[in-house]
Amino acid sequence: MMRFPLLFLAAGLVSCAPLPPLVTDPPSETPAENSQKKIASADSLSKDSAASVPFVAVAPAVAPKDSSVSDSSNFKPVEPAPVLSSTPKNIPTMALAAELSRDFRVGIQVGVSKTEISGKNYRIAFHENDDGSEKSSALKISANGSRVSAGSDKADSVWIFPGESSRISVDGKEYRGKILVVNSAKKLNVINILPIEDYLKGVVPNEIGKLDASMFEALKVQAVAARTYAYHHFNSRISLGFDVFATVQDQVYNGCASEAELPSAAIDSTAGIVLTNNGEFIEAYYHSTCGGYTDGVEVWGLAPVSYLKSQSDMKNTDSAWCSASSYSSWKKVYSEKELVTMFKKNFKAAKASGNSDFSKIQQIEVQSEFPGRRVNQLEVLTDKGIFTANGDRIRQLFKEGSKILPSSKFKIEKNGKVWVLDGSGFGHGIGMCQMGARARAKAGQSFQEILQAYYPGTSLQCVHSEQ
């Protein structure tokens, strides 16, 4: 495949070689399974904290659906923009464990009945190493009992390989790399298999936005965080046949549809760079808007993590770094009837404790807060006694339709006949504040300074495969 000169320029700014092709509103609670975060050896890990994490590490904004149908015959590779600042050359390298030296697997469609493959030219096979057959027309694939039907053929799985200088489309959306379709519980899982660096090109613009050159360092921050998250979550969805979901359950990945020059340049200029702590990939959690203070994983009921602690993110005494966010402050107003209906409906999802068979609300009080001023325990006095909700789960208690409360950082009081919530922030508030990172970059901070602000005590290292 042709490489562009600027791509080499961008990748060459780091001391370690770019990664070779190697063989992620509320997030879902699907637990990570057997998460592999090893770096250099099979025995380098003593703990798999990902398996117990109840929520995931992404900003809760859902990427818009792309209703257009891409025409792979008009495919033009995205040429990276010139790199606007150099990446330091003293970042130490480290070897990847053998099990991480493969292509990344992303579940782009999970539990579907059918899908359609198209492209200018592609090859279909029923085993990864088969020669298969050439195709140029659309191919319908469906679940058939415990097998996969592809046209008139049936198999346990179907592999789709792109032709030279072309890409594969799945239901009209283009993807880099190859596609694997497997049957899982009589439904289809459609998996995109590609190098992590290519995966990131479909993640970074969705997670932090297509920023301008003044915030290039923030794009680099997002690239490092997203790369670290990906490596930490290798095999985290192993029972489904892939590593991460393409949704807010992990990181929002939209294939080629969202690729843009500056995000791609940021990825290339930080190629292979990850965040580590004690030789392990960190849990690089991030969110949209912290409201001036971040919090630790204690909001999820977990044991404290040294690099994910509560801290101030104030630019000065009067303004937070994320003050440009529309969620730097917000207000919600509810009638008692609305709250009764809402609380009873969401009682189980919020894991509230107490009697849910009530018809009146007499009082609502914040009993305690976390250091970052998010609510630790909310107490509700009803006509049937007291019930409580805790931590980030409180956001579920106020769920309306598919949207939970923007943040658990709020005050609540009764004003006449209505209850008023005055809040700030968007997301769980752990790790990097994306709106804060954008403002810090615009103010001239480097990507290393920003990462240390949100993940204190961590180290930058550059991974490479020995295979």
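How are H4 and H8 oriented to each other? The two helices are oblique to each other, with axes that cross at roughly 140 degrees. This is a predicted model.

**H4 and H8**
- Helix H4 covers residues 216-232 and helix H8 covers residues 434-442; their axes come within 7 Å.
- Angles over 145 degrees count as roughly antiparallel and 65 to 115 as roughly perpendicular, and H4 and H8 are therefore oblique.
- On the H4 side the contact is made by Glu 217, Ala 218 and Gln 222, and on the H8 side by Gln 434, Ala 437, Arg 438 and Ala 441.
- This contact of H4 with H8 has three nonpolar, two polar and two charged residues.

**H4 and H9**
- H4 contributes Glu 217, Lys 220, Val 221 and Val 224 to the contact, while H9 contributes Phe 447, Gln 448, Ile 450 and Leu 451.
- By class, the contact of H4 with H9 has five nonpolar, one polar and two charged residues.

**Nonpolar cores**
- The largest nonpolar core has 81 residues, and Ile 141, Ile 179, Tyr 199 and Tyr 455 have the most contacts inside it.
- Tyr 455 touches residues including Ala 225, Leu 275, Tyr 307 and Met 432.
- A second, separate core has 25 residues, among them Trp 330, Val 340, Met 342 and Ile 361.

Note on methods:
Residues are numbered from 1 along each chain as its sequence is written. This is a predicted model: local features need pLDDT of at least 70, side-chain atom pairs count only at pLDDT 80 or more; totals for chains, interfaces and linings use all residues. Side-chain values use heavy atoms; hydrogens and water are left out. Axes are lines fitted to C-alpha atoms, for helices over the stretch in contact, and angles run from 0 to 180 degrees between N-to-C directions. Helices (H or I, at least four residues) and strands (E, at least two) are DSSP runs, numbered from the N terminus. Angles under 35 degrees count as roughly parallel, over 145 as roughly antiparallel, 65 to 115 as roughly perpendicular and the rest as oblique. Contact means heavy atoms within 4.5 Å. Ala, Val, Leu, Ile, Met, Phe, Trp, Tyr, Cys and Pro count as nonpolar, Asp, Glu, Lys and Arg as charged, and the others, Gly among them, as polar. A nonpolar core is a set of buried Ala, Val, Leu, Ile, Met, Phe, Trp, Tyr and Cys residues joined through side-chain atoms within 4.5 Å. Buried means under 20% relative accessible area, exposed over 50%, partly exposed in between (1.4 Å probe, protein chains only). Lists of a residue's contacts leave out its neighbours within four places in sequence.
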